[in-house]
Amino acid sequence: MRMVIQKVERAKVTVDGEIKGEIGNGLMVLVGLLSSDDDKTMDYMLEKLTNLRIYEDENDKLNLSVKDVGGEILLVPNFTLYGDARKGRRPSYFNAASPDEADKIFARLLEKAKELPLNVESGVFRTHMKVELVNDGPVTILLDSDRLF
């Protein structure tokens, strides 16, 4: 699993002009999935996501997490995070979970995320989404469950 995490003042996802997910202060997270992503992977990534110390404390040091500040999370499925553009000009998505697998994995991730003590919203799997956000900082973090970066 890969996540691109952006600290935001606000973010929303619309599909055909209809808002499907919207948050205020929090984290907008693009999520790429592998067919091997299981509950253990999800637990690891959600723990990292919710405990990343990327919010300023009273001394302007990045010491607080989204949980500490009562922020929200917007999860947005994004298979292109596993695009491999090292050869040629068209990225290969060979490593990404198939759409049917990824749909089930994302649904399970969302189910687990909604158990968190935070408001969690989401984008819509297998649809063309418009994602709007106001990045705060900017702060952008990359997470990879295989710890490749």
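Author: We can start with V29. This is a predicted model, and in it V29 touches M3, V4, I5, L49, I73, L74, L75 and V76, leaving aside residues up to four places away in sequence.

Reader: What makes V29 and L75 count as touching?

Author: Contact means heavy atoms within 4.5 Å. L75 is listed among the residues that V29 touches, so the two have heavy atoms within that cut-off.

Reader: Why is the set that holds V29 called a nonpolar core?

Author: The largest nonpolar core has 28 residues, and M3, V29, V31, L49 and L75 have the most contacts inside it. A core takes buried residues of nonpolar types, Val, Met and Leu among them, joined through side-chain atoms within 4.5 Å. Buried means under 20% relative accessible area, so V29, as a member, is under that value.

Reader: Which elements build this core?

Author: Strand 1 (2-15), strand 3 (26-32), helix 1 (39-51), strand 6 (72-77), helix 2 (99-113) and strand 8 (130-144) each give two or more residues. Helix 2 provides the largest share, 6 residues. A second, separate core has 12 residues, including V8, V15, I23 and L30.

Reader: What kinds of residue form the lining of the largest pocket?

Author: The lining has 15 nonpolar, 6 polar and 1 charged. Strand 3 gives the most to it, with 3 residues.

Note on methods:
Residues are numbered from 1 along each chain as its sequence is written. This is a predicted model: local features need pLDDT of at least 70, side-chain atom pairs count only at pLDDT 80 or more; totals for chains, interfaces and linings use all residues. Side-chain values use heavy atoms; hydrogens and water are left out. Buried means under 20% relative accessible area, exposed over 50%, partly exposed in between (1.4 Å probe, protein chains only). Helices (H or I, at least four residues) and strands (E, at least two) are DSSP runs, numbered from the N terminus. Ala, Val, Leu, Ile, Met, Phe, Trp, Tyr, Cys and Pro count as nonpolar, Asp, Glu, Lys and Arg as charged, and the others, Gly among them, as polar.
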